[in-house]
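Hi,

Here is the structure I promised to pass on.

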Amino acid sequence: KEGYKEPAKKGQMISFNYTGSFFNEKVFETTIKENGIGHPFSVTVGNQQVIRGWEAAFTQFRVGGQYKIFIPSYIAFGPNGRGDVVPPDTPLVFDIEVISIR
């Protein structure tokens, strides 16, 4: 689902709900709670606060859009992984719903 308004730009705050999973569909992290209500994640576009794969995708996102993005390991968590959550050299899949851009 494409969404509406202008895509996010560097310096804007983007808020979204997401579910991160592996290619085998096992979920490793989500902002969606059991009752279906999310606690959105917010980040400033271009501040390098998140993985490079997200930064690359943010400028394509529009308010109300729903996106599935596939991120190769080298722009996700790379050879180090993320502790016990994401193994090294693991590609990831994210389902993202953009709540707001301001």
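This is a predicted model: local features need pLDDT of at least 70, side-chain atom pairs count only at pLDDT 80 or more; totals for chains, interfaces and linings use all residues.

Aromatics first. The pair count comes to 15. One of these aromatic pairs is Phe-16 with Tyr-18, where the ring centres sit 6.0 Å apart and the planes make an angle of 50 degrees, a tilted arrangement. Both partners are buried: Phe-16 has a relative accessible area of 0%, and Tyr-18 comes in at 7%. Tyr-18 also pairs with Trp-54, and here the centres are 4.9 Å apart with the planes at 75 degrees, so this one is edge-to-face. That angle is over 60 degrees, the cut-off for calling a pair edge-to-face.

Which residues make up the aromatic cluster? Phe-16, Tyr-18 and Trp-54 all belong to it, together with Phe-22, Phe-28, Phe-41, Phe-58, Phe-61, Tyr-67 and Phe-94.

Now the serine. Ser-15 is in strand S1, which runs over residues 13–21. Is Ser-15 buried or exposed? It counts as buried, because its relative accessibility is 5%, and the cut-off for buried is under 20%. Its side chain makes a polar contact with the side chain of Ser-42, at 2.5 Å. If you skip the neighbours within four places in sequence, the residues touching Ser-15 are Pro-40, Phe-41, Ser-42, Glu-97, Val-98, Ile-99, Ser-100 and Arg-102.

Last, the valine. Where does Val-45 sit? You'll find Val-45 in the loop that joins strand S3 (41–44) to helix H1 (52–58). Not counting residues up to four places away in sequence, Val-45 touches Ala-8, Lys-9, Lys-10, Gly-11, Gln-12, Ile-14, Glu-55, Phe-58 and Thr-59. Phe-58 in that list is also a member of the aromatic cluster. On the other hand, Asn-35 is ten residues from Val-45 in sequence, yet their C-alpha atoms are 29 Å apart in space.

Have a browse and tell me what you think.

Cheers

Conventions. Residues are numbered from 1 along each chain as its sequence is written. Side-chain values use heavy atoms; hydrogens and water are left out. Helices (H or I, at least four residues) and strands (E, at least two) are DSSP runs, numbered from the N terminus. Contact means heavy atoms within 4.5 Å. Buried means under 20% relative accessible area, exposed over 50%, partly exposed in between (1.4 Å probe, protein chains only). A polar contact is a pair of N or O atoms within 3.5 Å; within protein, one must be able to donate a hydrogen and the other to accept it, and residues adjacent in sequence count only if both atoms are side-chain atoms. Rings of Phe, Tyr and Trp (its six-membered ring) pair if their centres lie within 6.5 Å; planes under 30 degrees apart count as stacked, over 60 as edge-to-face and the rest as tilted.
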